[in-house]
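Morning, everyone. Please have a look at the sequence and the structure on the screen.

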Amino acid sequence: MHSTTVRLKFFKNAYIHTLSEENYPDYIHWLSINRRIYLKLEDIKNIVKSENILTAFTPQKTSKEFLNFLIDFLKVIFNYFHNSEDAENSENNSTIEKEISNQFQQEKDFIYHFIINLQLLQKRIEENLYKISVPLLRKLTLDYLRVVKIPFTGDTDSGIQIMGFLETRTLDFKNVFILSVNEGQLPSERKLNSFIPYSVRKAFKMPTFEEQDAIYCYHFYRLLQRAENIYLLYDTEVKSGGGSGEKSRFISQLMRIVTKRKEATKVKISQEIISINPPKNTNEIAKIEIEKTENVLAEMDKFLLDPKDSEKVVKYFSPTALSNYLECPLRFYFLYVAELKSSDENSEKIEAVDLGNVVHECLENIYKPFTQKTLNKEDYDGLIDDAFITNHIEQVLINHYFISESCEELTGRNIILFNIIFQIIKSVLKKDVQQTPFSIFSVEQKSKRQKLQLDAEKTILLSGTIDRVDQPNPSTNETLRVVDYKTGFVKMNEPKKKINDSEYIEKYFNDTQLKSGLQAYFYTYLFKQQNALRSTAAGIYSLKEVNKGVQMLRKGSVISDELLSLYEENLKKYFGEIFDTTIPFRQTEDEKKCLYCNFKDICSR
């Protein structure tokens, strides 16, 4: 490969899977842990065991070397299938074994035609190959191979014949399956590679798309003429890269003919929608409850401190873990006790969670040099510069392997998300400049793990990363703000009528729509454990509503120790509930909360 990074697509390729069948699960496991789009060569050499695959990672400096390498690598794959077929034939020459060995014929046909076409391309551009850069050659090769058509090698003794449309001429079949009977596929799209306009061609009786449609129509109806069972399949999904999802006009014509001549034709038509999604269970779905048996409690022991074992590794609870438990105890069990992972494969797209992480890290990198310093209006002259922001975003994307170091790989949806990230960061900086002067106390600070004693026997640890702690008007104000960034919309808990502090805090634990405030208080609680003498307020910065700035809890008043004591009591109550053996992990009653849950298929919701 030419660059120092490797596309994840390479490892998803079916041929690479075949060449490294023994080690392929190891690759997938490694990639699922280290979610990346690009891989460093040094990482590849550590995880790849197959010598055949390792040869693909030899850097090619010139276009000639690259094209020769591509052809040679395809020959390696071809020989793999050829040798596998010979091995099977040598073991047993029975009819069954011959049929099994033929499974490689299609693969060999594909690779053979790729090699032949690459060699043809090489001959055509050989004289000017030295003028073509590797990226341009890559594009030329992809465009060239995209239009290559590979015929299937048929076996006259086989019951099933896979044929092109024109190959069916003068042949009759009892059972016919026609695939992709979509408008634009059958008949094919109206593409006329000619400078002569349609009206001129029509006037001078030159061939037009109408003749092409007529040819397709003739072959279609002739093929159906003597068939007894006919299956016409078309795709109803509208695809972004092409494909209307509309059935062919030929199907509509057939439906009209059969409907008009129903008694005369005696043709029966049935329609069926085939979906790849699992059918929904219409029966009553049993509720899922996980009892806290000895085995479950043994798994939960990883969260409890052991006074007799100071070296025991204990996992801590984060604000997100608390929110997950309050929204759905069963989801908490799947995530934190059973430690189930999402079934989503590595994506080549920047997902929503990635967007939030990139924004957080960019803001951290921008503000980190100003920690323990006061920011004034003039300090933002360089910060809100477009090139400055773009460089920070690119660096974060490179660090997370979303783009390569050349920064030339963003395409399609990723470009849109890049612009969204840029606009969010610029909007935050523009809003912050209006709040100057203020000082930065800390950014993305991982709090020390704080002990929380639930009862005489159980003590857990709490921790989390505090996005930002700042101090508005430091010369006249001593109150610090604990600020939590949120990429979604924020619902504030500001009751119209006055309620006591106990009801106010309990509302955060009972109403999951207030989870932003719940987590902001969690971070404030952690911060106060380490900075007990500092007066502190709490706020939420919604990155979807930047114009509102930092939305302060309790209208910006200082969070009192009494209020945090009430918050701590509720923490003990609900974390204690997690370890209560009489309360199983139940699924939520509110199915709206299941909409974006990774485990909704387990619950059949």
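How many cavities of 30 Å³ or more does a search of the whole structure find? The search gives 2. Keep in mind that this is a predicted model.

Take the largest cavity. Its volume is about 90 Å³. The lining has 13 residues, and the closest to the cavity's centre are Cys328, Cys594, Cys597, Phe599 and Cys603. By class, the lining of the largest cavity splits into 7 nonpolar, 2 polar and 4 charged residues.

Now the second largest cavity. This one holds about 40 Å³ of space. Its lining includes Ser323, Leu326 and Glu327, as well as Tyr508, Phe509 and Asn510. Asp511, Thr512, Lys515 and Leu518 are also in that lining. Which elements give two or more residues to it? They are helix 15 (319-327), helix 21 (501-510) and helix 22 (515-530). The class count for the second largest cavity is 4 nonpolar, 3 polar and 3 charged.

Phe177, Leu179, Tyr231 and Leu233 make a nonpolar patch of about 430 Å². Look at leucine 233 in that patch. You will find leucine 233 in the loop between strand 4 (229-232) and helix 12 (249-260).

Next, the backbone. Most peptide bonds are trans, and most residues other than glycine have a negative phi. Here are some exceptions.

Two peptide bonds to look at. Leucine 186 and proline 187 are joined by a cis bond, with omega about -5 degrees. Proline 187 sits in the loop between strand 3 (175-178) and helix 10 (198-203). The bond from threonine 436 to proline 437 is cis too, and its omega is near 0 degrees. Proline 437 belongs to the loop between helix 20 (413-434) and strand 7 (438-446).

Then two lysines. Lysine 205 is not a glycine, yet its phi is positive, about 55 degrees. Lysine 205 is in the loop between helix 10 and helix 11 (209-224). Its relative accessibility is 78%, so lysine 205 counts as exposed. Lysine 555 also has a positive phi, near 55 degrees. Where is lysine 555? In the loop between strand 13 (550-552) and helix 23 (561-578). Lysine 555 counts as exposed because its relative accessibility is 75%.

How values were computed: Residues are numbered from 1 along each chain as its sequence is written. This is a predicted model: local features need pLDDT of at least 70, side-chain atom pairs count only at pLDDT 80 or more; totals for chains, interfaces and linings use all residues. Side-chain values use heavy atoms; hydrogens and water are left out. On a 1 Å grid over the protein atoms alone, a cavity is a set of points where a 1.4 Å probe fits but cannot get out, and a pocket is an open set with protein on both sides within 12 Å along at least five of seven lines; lining residues have an atom within 4 Å of a point. Grid points are joined across faces, edges and corners, and a volume is the space filled by probe spheres set on the points. Ala, Val, Leu, Ile, Met, Phe, Trp, Tyr, Cys and Pro count as nonpolar, Asp, Glu, Lys and Arg as charged, and the others, Gly among them, as polar. Helices (H or I, at least four residues) and strands (E, at least two) are DSSP runs, numbered from the N terminus. Patches are made of residues with over 30% relative accessible area and no salt bridge: like charges are joined within 9 Å, nonpolar side chains (Val, Leu, Ile, Met, Phe, Trp, Tyr) within 5 Å. Accessible areas come from the Shrake-Rupley method with a 1.4 Å probe; for residues, only the protein chains shown count as cover. A salt bridge is a side-chain nitrogen of Lys or Arg within 4 Å of a carboxyl oxygen of Asp or Glu. Buried means under 20% relative accessible area, exposed over 50%, partly exposed in between (1.4 Å probe, protein chains only).
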